[in-house]
Amino acid sequence: MLRKNTWATYDAKKVKEAEKFAEDYKNFLNNSKTEREAIDSIVNEITAAGYVELKTLIGGKKKLKKGDKVYSVWMNKSIVMFQIGSEPLENGLNILGAHIDSPRIDVKQNPLYEDTGIAYLDTHYYGGIKKYLFVALPLAIHGVVVKKDGTTAVLNVGEDEDDPVFFISDLLIHLSADQMSKSAAKVVEGEALDLVIGNKPFIIENDEEKAAKKAKKASKLTAGQQYALDAEEYEGKENKKVSGAVKRGILAILKDNYGIEEEDFLSAELEIVPAGKARDAGFDRSMILGYGQDDRVCAYPSMRAILQAKNIKRTACCILVDKEEIGSVGATGMQSKFFENAVAELMNLCGQYNDLALRRCLANSCMLSSDVSAGFDPMYASAFEKKNAAIMGGGLVFNKFTGARGKSGSNDANAEYIAHIRAAFEKDGINFQTAELGKVDVGGGGTIAYILALYGMNVIDSGVAVLNMHAPWEATSKADIYESLRGYTSFLENVDFRNE
């Protein structure tokens, strides 16, 4: 089948629109390197567009109607947005669903230690990463430390030009003969990903050092023996003075700057991410290189799509969740009841709730699981089957199924649903392509699609092609990002598919 390059289909107006949207997206990436930061950025944008928090309406007398816009945040890590359509909720929702967590390195609960004059934070990586890619890079620390009194210290260190950065050390090539013989999975072990955070000892000299001023007693020792004894006393004093002094220096800085004590790490969520801003890539500035594009490159267009969708019949929904990179588990992951509970509250505020109506609403819904796809990389062509690979600049990507090997663990979208979306997208001139995640039996992966499909709704994965996926710096095409916005908007406005 003929594949179009999306850039070749754009006139000057669309090129300008794509560039403008790319700038908005880069700003979002720069301000949203963690789930909590992403939620803050999203809430600021949607409340400015008139969205009202759902919980402020619960227990009130107001009944939601067509055109009303509401949202609900869960634990500052997941969010769901609704724009009420003209049809009853029982007829189903049009849902865009993405995740806002990304692979990274997390700080352990008892992390701070010193070894041979270097202070470290002990870490545990999060999600699927090639560990060797995270060494010898400038890194930043983002997150929160919640103290016993309930107050929260917010850390964001390493992003401003005047900030210090941090790093994970690597073994010099001159001594790496054994290391270089290891497999890529073992060349850097998980327990070797500890973060270097300081090297300067904290020492306050005593004005009267008793040992130094101590009068020497008359002795029958020889001059050589006395010299050796003096040296022993001096070394003991100095060792005592500098032992743990670098760690103490870090504790002093944390206390002075953030009011944090060592035990406060027990209730902290600190994430180590690449330091630096998302940048245009290529002489033609056609791409974006930045951290965390899996899956914020789909989350941001999904959010923007629900803001600009107009004249919708079926209620539009955008859900952005946490924990996808580790299996969608926990209270903020897609497997929690947060989304279902939010839909129930919405139906109640619309005067349409009962258990059967909720079940019908979810079963009749249509969803695009907005998640990234593996961009075809000519440097690693052997991992792909080119006819069924996502091409950079080829437009929005549909993955009929994901999973591994014999489609294990996948959601496999129905042909009738795909045909309906094709018709809607072709009507609006959306550039799209289809893909699989690499060659059969080479690897695989999953998304939140199968979880929403448990309700019986129609779901298909649909997102942006990414190069360097799960690396510290991922690459995407500006044209693909803009087509995702156009495609997601068309989906919310035009799709009206029901199971027969």
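Where in the chain does Ser-286 lie? In this predicted model, in which residues are numbered from 1 along each chain as its sequence is written, Ser-286 is placed in the loop between β11 (279-281) and β12 (287-290). Local features were taken at pLDDT of at least 70, side-chain atom pairs count only at pLDDT 80 or more, and totals for chains, interfaces and linings use all residues, while side-chain values use heavy atoms, with hydrogens and water left out.

The protein has 13 helices and 22 strands, where helices (H or I, at least four residues) and strands (E, at least two) are DSSP runs numbered from the N terminus. Its C-alpha atoms fill a box of roughly 105 × 60 × 45 Å, taken along the principal axes. Of the 500 residues, 49% count as buried, a term that stands for under 20% relative accessible area, as against over 50% for exposed and partly exposed in between (1.4 Å probe, protein chains only). Among contacts with a separation of 6 or more, 78% are accounted for by residues 24 or more positions apart, a contact being defined by heavy atoms within 4.5 Å.

Nine strands form an open sheet of mixed pairing, in the order β1-β2-β3-β13-β4-β14-β20-β16-β18; two strands are taken to pair if DSSP finds at least two bridges between them. The edges are formed by β1 (52-53) and β18 (432-434), each of which pairs on one side only. Within this sheet, β4 (residues 93-99) and β14 (residues 366-369) run parallel and are joined by four bridges, and Gly-97 has Ser-369 of β14 as its bridge partner.

Ser-286 counts as buried because its relative accessibility is 12%, and its side chain makes a polar contact with the side chain of Asp-284 at 2.9 Å. Such a contact is a pair of N or O atoms within 3.5 Å, of which, within protein, one must be able to donate a hydrogen and the other to accept it, residues adjacent in sequence counting only if both atoms are side-chain atoms. Apart from neighbours within four places in sequence, Ser-286 is in contact with Trp-7, Ala-281, Thr-476, Ser-477 and Lys-478. Strands β12 and β22 run antiparallel and are joined by four bridges, and Met-287 stands opposite Ser-477 in β22. By contrast, Ala-153 lies 38 Å from Ser-286, C-alpha to C-alpha, at a distance of 133 residues in sequence.

Lys-77 is classed as buried because its relative accessible area is 12%, and its side chain makes a polar contact of 3.0 Å with that of Glu-269. Not counting residues up to four places away in sequence, Lys-77 touches Glu-35, Arg-36, Ile-39, Ile-100, Glu-269, Leu-320, Val-321, Asp-322, Lys-323 and Thr-332.

Lys-323, one of these partners of Lys-77, is placed in the loop between β13 (315-321) and α9 (338-349). Lys-323 has a phi near 70 degrees, a positive value in a residue other than glycine, and its accessibility of 17% makes it buried. Ser-328, in the loop between β13 and α9, likewise has a positive phi, of about 60 degrees, although it is not a glycine; with a relative accessible area of 2%, Ser-328 is buried. A cis peptide bond, with omega of about 15 degrees, joins Asp-294 and Asp-295, and Asp-295 is located in helix α8 (residues 293-308).

The largest pocket has a volume of about 1,200 Å³. Its lining comprises 38 residues, of which Ala-374, Leu-437, Asn-468, Met-469 and His-470 are the closest to the centre, and the elements that give two or more residues to this lining are β15 (373-374) and β19 (444-445). On a 1 Å grid over the protein atoms alone, a pocket is an open set of points where a 1.4 Å probe fits, with protein on both sides within 12 Å along at least five of seven lines, and lining residues have an atom within 4 Å of a point; grid points are joined across faces, edges and corners, and the volume is the space filled by probe spheres set on the points. The lining divides into 15 nonpolar, 16 polar and seven charged residues, where Ala, Val, Leu, Ile, Met, Phe, Trp, Tyr, Cys and Pro count as nonpolar, Asp, Glu, Lys and Arg as charged, and the others, Gly among them, as polar.
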